[in-house]
Amino acid sequence: MTDQTAQYLIGIDLGTTNTVVAYADMQKPLSSDNCQIFEIEQLVAPGEVAKRPLLPSFRYHPTTGELNESDLLLPWSHQVSGGQPSLAGELPHVVIGEWARELGAKVDGRQVVSAKSWLSHPQVDRSADILPWAGAEGVAKVSPVLASASYLFHVRNAWDFAHPDARMEDQDVVITVPASFDEGARALTVKAAELAGLGRILLLEEPQAVCYDWYARQGDNAQAQLEKIKLLLVCDVGGGTTDLSLIKVAQANQVKATPLTLESKPIPALALTRIGVGNHLMLGGDNVDLALAHMAEQRINGASSNKKLSAASLSQLIQQTRKAKELLLGNNAPDSTKVTVLGSGARLIGGAKSCELTKQEVRDIALDGFFPQINFDERPTKRRSGVVEFGLPYASDPAVSKHLAEFIAEHETACKEALKGIGNAVPDAVLFNGGVFNSDTLSKRSLSVLSSWRGATVKKLENNNPNLAVAQGAVAYAKARRGAQLKIG
């Protein structure tokens, strides 16, 4: 049910790498331009608070006395009685967001990452205090549920501080989850929201949210854009997961009175129906970061050395290689960049070790390792994953292309029916989403792979900001529930 007293429709993308909030003001017409990103206040440096469109989904657990309490103050800190956290089970001094991400790249074993991936990991007790997984000795730990709740709690506090007369818990709130989340992971997401004080939420699958966002941004052009499209693939590759969905596109006449004559007449309308969802794949940008970290580890220790970094140091290195990847896969990238592993304790500076990663080798790993140009009949290897350093069940084969081919083949009958026998049983359009596709290099390769399988050009629907589309789509969905646009079946 919708809350007719709510002033705002709020969409929250609780992401593996970033959390994003979008909203629409109900006091304005529910048009496509009535959707904004809520910039979230967060610590970006010691004692420095700034608004950012993304809240990095990172926590940092400092040791006693490591950080000054005055450097941890947020605009709403004075509202917390007695200086104690009001999120049940929370630690007394925690950094969340951009500064937490930066601190974790410098100090090993004190950063919580990928809480969303842990939330969907059925082989562990997701309500137990297990994060950070590769924690330094003596570091305080929290559960994946509480870590997820802490990001929502931060968002809620930031929103309430900016909207004291329209608190978040009183609004229509939609939180997105991967389509492949099982019932357990969905229930734990709801539990995290309840812990954060958001007891009345709706869940929406992320690929559907991406479609809602695209449709809302097209406005009157959506009909023309999809006129010749019969089957849409939504390919969402984020930091920690790959989410695949198939959506059938059909034209259906609906009867509507024209505004001038009030005569009823049939007009063309779109009918979008989801016909396939992929398995939960723990495969994404994090895997590229890890592969690059292993390359850097070997260079730092020497090619002939069998020495391995500790899990905590490797975790620190991964944050460095993530930044290097984003830089070297971006537009106008330099030829190379340096990654550094700092020492610990008294050897913090003297124990630092560095190596160079080049643009070409990063692109080779990302393209050939994760998006190889393969034949449609190639399938993922089913061997046990070698990527188990952090306890997460990563996909055994990192080639997204192979998982994509397997997904389409598994839904061959539905694909043929949707395409009405025209061409191969490969979707004729694709909508990319997720931070991985901020790289033009990776989106072009993926489109090339799909087109080679289809034997014809697969149409790419434009998504100009994969980081924001899911949160915006959650708002568009909330509008659709109020009759503002079409709903996906």
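Before you start, residues are counted from 1 along each chain as its sequence is written. Because the model is predicted, local features need pLDDT of at least 70 and side-chain atom pairs count only at pLDDT 80 or more, while totals for chains, interfaces and linings use all residues.

**Exercise 1. Work out the strand order of the open sheet and say which strands stand at its edges.**

Step 1: Strands (E, at least two residues) and helices (H or I, at least four) are DSSP runs, numbered from the N terminus. Two strands pair if DSSP finds at least two bridges between them.

Step 2: Read off the order. The sheet has 3 strands, arranged 8-7-9, with antiparallel pairing.

Step 3: Find the edges. Strand 8 (95-96) and strand 9 (111-112) each have a single partner strand, so one side of each has no neighbour in the sheet.

Step 4: Check one pair. Strand 7 (residues 59-60) pairs with strand 8 over 2 bridges, in the antiparallel sense. Look for Tyr60, which sits opposite Val95 in strand 8.

**Exercise 2. Find the largest cavity and describe its lining.**

Step 1: On a 1 Å grid over the protein atoms alone, a cavity is a set of points where a 1.4 Å probe fits but cannot get out; lining residues have an atom within 4 Å of a point. Grid points are joined across faces, edges and corners, and a volume is the space filled by probe spheres set on the points.

Step 2: Search the whole structure. You get 4 cavities of 30 Å³ or more, and the largest has a volume of about 340 Å³.

Step 3: Go to the centre. The lining has 24 residues, and Val113, Ser114, Ser315, Ile318 and Gln319 are the closest to the cavity's centre.

Step 4: See who contributes. Strand 9, helix 7 (285-301) and helix 8 (311-328) each give two or more residues. Helix 8 gives the most, with 4 residues.

**Exercise 3. Describe how helix 7 and helix 9 cross.**

Step 1: Take the axes, which are lines fitted to C-alpha atoms over the stretch in contact, with angles from 0 to 180 degrees between N-to-C directions. Those of helix 7 and helix 9 (residues 359-370) come within 10 Å and cross at roughly 130°.

Step 2: Classify the angle. Under 35 degrees is roughly parallel, over 145 roughly antiparallel, 65 to 115 roughly perpendicular, and the rest oblique. Helix 7 and helix 9 are therefore oblique to each other.

Conventions. Heavy atoms only, no water. 1 Å grid on protein atoms, 1.4 Å probe; cavity = no way out; pocket = protein on both sides within 12 Å on 5 of 7 lines; lining within 4 Å.
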